[in-house]
Amino acid sequence: MPHLVKQFKYLLCVMVSLWILLNSNEILAQDFPPVAANVMNFPTGSYIIPMDNAHQALNGEPFNLQAYGLLYQLLEAGVPVHWAIASGKQKDAIDFSIMCSRLYPSVTASSLQDFRAGAFIIDANDIGNIPNCAGSTNLLIDNLIINYGNQVAVYQSQQTFDADIRYILTNAPVLAILDDGGFSETGYELLDYVDIPYTLIGYNAFAQNNACYTMIAQPHLSAADVDAAYAGIVTAFINNGGNFFAQCAAVQAFEENANYLTTTGFTYFSQNQMNTNFIYESNDMPVMQFEGPVLGFGVGSTSNFALEAQWMPYAYPCISGNNEDNVQSFLVAAGDYNGATIGGNIFYLGGHNYTPQQTIQSGGGGGGGNSFDSDVIESYNLNRVFLNAAFVPASWATPCAAPNQCICPGQSGNIGCGFDLNIGYAWTPSATLSCSDCPNPTATPTQTTVYTVESGNGCSSVSMTVFVDCPISNTISASGDTICPNNCATIHLATDLMEGIATVMINGTEYPFGPTYEFCPTQTTLYEIIVTDSIGTSFSTEATIDVLEVPTAGITGGTPCMETNVSYTANNMTNPTWMSNATLSCTICDATSVAVLNNFTLVAIDVSVDGCTYTDTLEVVAIPSPAITVNNGSICMGEFITLTANGADNYFWPLQNLVGPQIAANPTASGPIMVIGTNQGLCSDTSYAQVTVLPIQSVVIEEYVNICENDSCAILSTAALADIAWYDIDGNFVSTSHSIQVCPDEETFYVATTTDQGCFLPDTVSVYLVPLPDVSTTNDTIVCPGEIIQLQAYGADTYLWQNSNGSLEVIEDLLQVFYPYELVVAGTDTAGCISYDTLIIETFPQPIAAFNTNPTELFFAAAPIQFINISLDADCYSWSLGDGYHTNTDNLTYSYELPGFYVAELAACNEFGCYDTTLKGILINHEFHYYLPTAFTPNNNDLINNVFQIEGMSISDENFELTIFNRWGEMIYQMHDPHDVWLGNHYKNENYYVPDGVYNWRLKVMDEYSKIKYEDAGHVVILR
């Protein structure tokens, strides 16, 4: 019966593999849009390798590139990996969200996480180990992660979830880097760093054997080094399902020779900086799975490239922006060259060495290799473009072998799981096989044998083992193998013995056979389990029950002063529960605050993540808090004030660095003075003495007053005090008013005093006489009406222009004159003293330009138009008719040669040089139309209706484009001249004529005179 169960499981595996293969077009979608969503459901416990910056920023890097190395290790070990990419998503959008926890490199709590940038998923059904009858096991997925250095973030789902799956990856990529153009280190140093193997090959190796690689990269190659033969080898490789990555100069080398992505190639820029306002397109393509920006500058002879004509229908621009020449150029582009089959993809990347220092340092890496000296996500993301392309599947068939299996002597087993993919199969050793060149041979070995199958092209091989031994399963597992003290755990015993079970010994004690055994150890204990079958054969295994140590808890907190809130924390506890006979701020929290009113008891209880409970209790004695009072006061600047505090045992004045209940303070500014009082040296209170420091003030408001020579008096003012006395320069009493008017005829000073209580000193006000400014203007003048003149004045600092007619109209410095003016300018100096001057402006007579046309509108060119001059007060004229024609006659008759809208202008002048202009619009209409035939009969030798061509009027040669497509949307022919014709042939081969049928056309055309652009579409029928 056990053998039948294993055979059934194996048959089920083969059926699932067949289903996946037959539905590969649905699951393994192409790398280019539009891609239909392919939503798959994953069970709880599935693993997620995140590829976004938030989850994979480890080891001090903005993104952990070693995630790609772990992906390679998993695929090489035969672990299927699902690449999740939301179809049609925008840049940096979420691919899926689930409740999950991080397992590696350290464990975190479960929470809702958003995954971006194309995460990789391992189905929970693919996680685990497969035992064989010799007692060994295949490598666990967890061991693969740990053996890779445990340096990659890996999460585990806590729920079932859906994700849009672009690819199910089942084979590790096989990569080659061409080294015939130099700079090959830009590719292999990156692969060394992430521990992905590759092969360096030259042109000859590429020409002779390229079928074994899923992707070949050319980091740099000059266009002069690529000929038609070289380009043909690359084209054959792509058409056969291989992917090709060209970088830097290699983009120009292959695009110019083969036109993989464009109709006429690119314009190429060498080390040309691009701005950071990038446009990100085709964001659901696997090659575009990265988060954040990219560098705007790449070292290399082709740092970016601009489109010359058109993209191919299967080409997709990915990253573009304006470069230093303000030209829209591209940094990344891709295309699906070979059509609907898997693989055959082209990837272009401008520049190379995307690290800030452009160096590689030794050391680091999951399994060895190099580490990048790089610290900006912009450079990491361009490295990720290359790594993403490396994992895009290619049409690369590989053989398949069944899982390891156990048989009894004389039995047979099917060791294959493949299908006839025309790749060829070679099984070794062949002596015990039903066939050695078929996908699924039957093996009948007499002893344990390792079978290997190699593909006919020699590209790959895989092995499996048939163990010749009746399967014996003696596994042991413990539920609750980590327990709290005073608890019990159960050991589960699972056996499958051919001869049955006679005895079960556990640590030397015999037990009756049963599926479970309960033990309650007080410390961690190893249990040795020996199972003996009915013929006396013994089998042994071990199980361990770990007993946790309860951590020592301790409540710590601040001094429990009366009428305060004190915070307490429980050491070695996570989110404890608090209890007390006092009021708590919270009962389930990391730390709680207690309102201290009396002595109290505080208890903390915690349950660890392993379920163990531990408690700590603290008896707290409260200390009375002091209540401090202190006096206030005010002083003049420089005086001392005595401050006295009460209500505590001890006092400290921090600002003065003094102790004691009373101090003499000498503050320099108003404000609070702090005193801290303590009881028992523990509980404290703080109070503040409010001290006002009065400044030493002057009695007068101003130190001096300036009086212009034409003014006779000034006002002197003092502060708002009760008692004021003014004295002159000779000491004579003047007044007791707060403000006095003085009218000296020479410079002098006055003294003000006060008897008010306060911080005031006598002060002096000086009175100075200031001379008036000498203001003058330019000479009087005569100008044409409408002329703008600059008003200028001299002798002062600021000027104000006004009409002298008393209108109070203020005139700007730039004055447009339409009538005579008499202007007055007031000039003011820095002391505020004012002088005046006058300027007279007169005007010449003003001509008036005017004309009529007959007629005012024409519907055809070359018809005469009369221009009739009706200007006034003018004796000279100048005509400009809007099409470049000029004349100086009084009247004229003129004919326009082309239709359009023209603006005619007449300028009239007089003997004084004054002039006037007038404009009038002239409309000359035209006709615009076009026609395309709905059918034509090429190649029938009747010379009638043999071509497809546009007809019409006013069709511009500029911006003309007529494109013909077949029913599948493939471009057949394109014209950029309205005089060109289509003969029914194909643009790729002028001598090939397409078959009869209906063909679609798309038209872009522009009106030659109005410059209005039109777009149209339709179809034409070819009949022969």
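Modeller: Let me begin with a definition: on a 1 Å grid over the protein atoms alone, a pocket is an open set of points with protein on both sides within 12 Å along at least five of seven lines, a cavity is a set of points where a 1.4 Å probe fits but cannot get out, and lining residues have an atom within 4 Å of a point. This is a predicted model, in which local features need pLDDT of at least 70, side-chain atom pairs count only at pLDDT 80 or more, and totals for chains, interfaces and linings use all residues. Residues are numbered from 1 along each chain as its sequence is written, and side-chain values use heavy atoms, with hydrogens and water left out.

Colleague: Which residues lie nearest the centre of the second largest pocket?

Modeller: They are Met-312, Pro-313, Tyr-314, Met-971 and Tyr-987, out of a lining of 17 residues. Strands E80 (971-975) and E83 (997-1006) each supply at least two residues of that lining; a strand is a DSSP run of at least two residues, numbered from the N terminus.

Colleague: How many cavities of 30 Å³ or more are there, and what lines the largest cavity?

Modeller: The count comes to two. Among the residues lining the largest cavity are Lys-89, Asp-92, Ala-117 and Phe-290.

Colleague: What makes Cys-636 and Cys-759 a disulfide?

Modeller: A disulfide is a pair of cysteine sulfur atoms within 2.5 Å. The sulfur atoms of Cys-636 and Cys-759 are 1.8 Å apart, so the pair is joined by a disulfide. Cys-636 lies in strand E43 (residues 633-636) and Cys-759 in the loop between strands E56 (748-754) and E57 (760-761), so the link ties together parts that are 123 residues apart in sequence. With -90 degrees about the S-S bond, this link is left-handed.

Colleague: Why is Cys-759 called buried?

Modeller: Buried means under 20% relative accessible area, exposed over 50%, and partly exposed in between (1.4 Å probe, protein chains only). Cys-759 has 5%, and is therefore buried. Cys-636, at 16%, also counts as buried.

Colleague: How do you know that Cys-586 and Cys-589 form a disulfide, and is each buried or partly exposed?

Modeller: Their S to S distance is 1.9 Å, so the pair meets the limit for a disulfide. Cys-586 has a relative accessible area of 23% and is therefore partly exposed, whereas Cys-589, at 12%, is buried. Their link is right-handed, with 80 degrees about the S-S bond.

Key: Helices (H or I, at least four residues) and strands (E, at least two) are DSSP runs, numbered from the N terminus. Grid points are joined across faces, edges and corners, and a volume is the space filled by probe spheres set on the points.
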